[in-house]
Amino acid sequence: SNKPKIVVLGAGYAGLTTTKRLIKMLSPEEAEIVLINKHNYHYESTWLHEVAAGTINPNQARVMISDVVNPKRVRLVYDSVVEIKKDEQRVVLENSEITYDYLVVGLGFESNDFGIKGMAEHAFAIEDIDTSRLISEHIEYQFAKYSNDKNADEDSLNILVGGAGFTGIEFVGELADKVPELCKKYDIDRNKVRIINVEAAPSILPMFDKELVSYAKKSLEDRGVEIMIGAPISECTPEGFIVGDDKELIKAGTVVWTGGVKGSSVLGDSGFELVKGKVNVNGDLRMPEEENIFVIGDCSWVWNKEADRPYPPTAQLAMQEADVVAANLKALITNQPLKDFVFDDKGTVASLGNSDGIGNVFSSYKLQGKSAAAMKKVVDNRSLFMIGGPMLVLKKGKVRPF
Ligand code: FAD
């Protein structure tokens, strides 16, 4: 047929939201829509620290795509993207190939260890459901092993986390909740377990102001998290991190790197021009020089003209970009002018475990403690609502009492 074919790569916040918007905006006669994703499920990337700590079940953080996108309207392909051949308007998948008229790249993030020696080999990373579940299973295994072995090494109980940005801090916040639970379950003294967060920068959580940062630091320290700032990691060995000028070795049975992310490696493998691991897109979210390719979410940088730097990558940004991409695709198909993306910042909330957190909402209103934790659950449930409506919120929503 002559219908244009829109192919969306990735069913994360960016890709899934784009697909859902396109279904609403375009009739089946106007365009064919194909959604390609590695798994048959979407997952909430912003909940992965909870999966990694074992404070939620992995199934709570994922949703079958066919439950939230009508397979009669959208062709669903579950396969891994290997390379985009833009000169041939073709995408190479692990098990097949597909051509497109319009392409939306929403393949998300991968861990970035900035080349720190041994990190890729010896540290876990929070990247998707599988890598996150592996971390919580590994931690529990360390506890089970320790309680079965009289001569076991106490260091094996330690959990070492590299990076005190958003993911690292939210992760140690969950660990502060989980470790006492594991200690009870395996009859281990809580004082034998160290949770250590190591950060090269002079402060944790650079996106929040001083007051909220010191609140967060104190909350975590009061619950037994050791925070080391100004401590660059020079190497990761099978035993732990080598840290600081005096090359101190900090040992742990579980070592996790949360210190950085970059866009999907498919971008580089496809020969796209990258700046710090991502594509710099135009105001209309298209790749420079390309009429028919949009790159969104954690795969691209979008320039914030007011601040004269790119918007920081977040789920909130990815979902808002999706709205503009869907509208611009409709505009392309109907020969209308495209519009530029403008971000409407609704604020940021970081959790510090189940019942604590910090946040900046409604442009400069500060939250800390239980009110921030409650707001975080509202944000998480809203995300589910947007994907699957009220039934999904009832099924997988955040309702853990404080
Ligand atoms: P993703 O959500 O990563 O989705 C990418 C999709 O593409 C996935 O479905 C994946 O399976 C699929 N995919 C990847 N590679 C391939 C391939 N080769 N072939 C086929 N499919 C593929 N942001 C906030 O706004 N607020 C927060 O509180 C927050 N907390 C966070 C907490 C954690 C622990 C983490 C890790 C991130 C957090 N973020 C938060 C950031 C946010 O999760 C990301 O910015 C967001 O996920 C980006 O959305 P995306 O759609 O680009 O990518």
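Reply: Helices (H or I, at least four residues) and strands (E, at least two) are DSSP runs, numbered from the N terminus. Two strands pair if DSSP finds at least two bridges between them. This is a predicted model, in which local features need pLDDT of at least 70, side-chain atom pairs count only at pLDDT 80 or more, and totals for chains, interfaces and linings use all residues. Residues are numbered from 1 along each chain as its sequence is written.

Me: In what sense do β6 and β7 pair, and over how many bridges?
Reply: In a regular strand the side chains alternate between the two faces of the sheet. Here β6 (residues 81-85) and β7 (residues 90-93) pair in the antiparallel sense, with four bridges, and Glu83 stands opposite Val92 in β7. The two strands form a hairpin with four residues between them, and Gln89 in that turn has a positive phi of about 50°.

Me: How many residues lie between β7 and β8?
Reply: Three residues lie between them, and this pair is also a hairpin. The pairing of β7 with β8 (residues 97-99) is antiparallel over three bridges, with Arg90 opposite Thr99 in β8.

Me: Into which domains is the chain divided?
Reply: Domain bounds come from an automatic or database domain assignment. Domain 1 covers 5-38 + 79-111 + 261-337, and domain 2 covers 113-259 + 349-402. Residues are in contact if their C-beta atoms, placed from the backbone, lie within 7 Å; the contact takes five residues from domain 1 and seven from domain 2. Their centres, taken over C-alpha atoms, are 30 Å apart.

Me: Which residues come nearest to the ligand?
Reply: A residue is near a molecule if its C-beta atom, placed from the backbone, lies within 6 Å of it. Of the 35 residues around the ligand, Gly10, Gly12, Gly108, Gly297 and Thr314 come nearest. Each domain gives the shell at least three residues, and the elements that each supply at least two include α1 (13-25) and α9 (315-333).

Me: Which residues touch the most other members of the largest nonpolar core?
Reply: A nonpolar core is a set of buried Ala, Val, Leu, Ile, Met, Phe, Trp, Tyr and Cys residues joined through C-beta atoms within 7 Å; buried means that 20 or more other C-beta atoms lie within 10 Å of a residue's own. Among the 60 residues of the largest core, they are Leu160 and Val172. The most residues, eight, come from α6. A second, separate core of 52 residues includes Ala11 and Ile36.

Technical notes: Two residues are in contact if their C-beta atoms, placed from the backbone, lie within 7 Å. A residue is buried if 20 or more other C-beta atoms lie within 10 Å of its own, exposed if 12 or fewer, and partly exposed in between; C-beta atoms are placed from the backbone.
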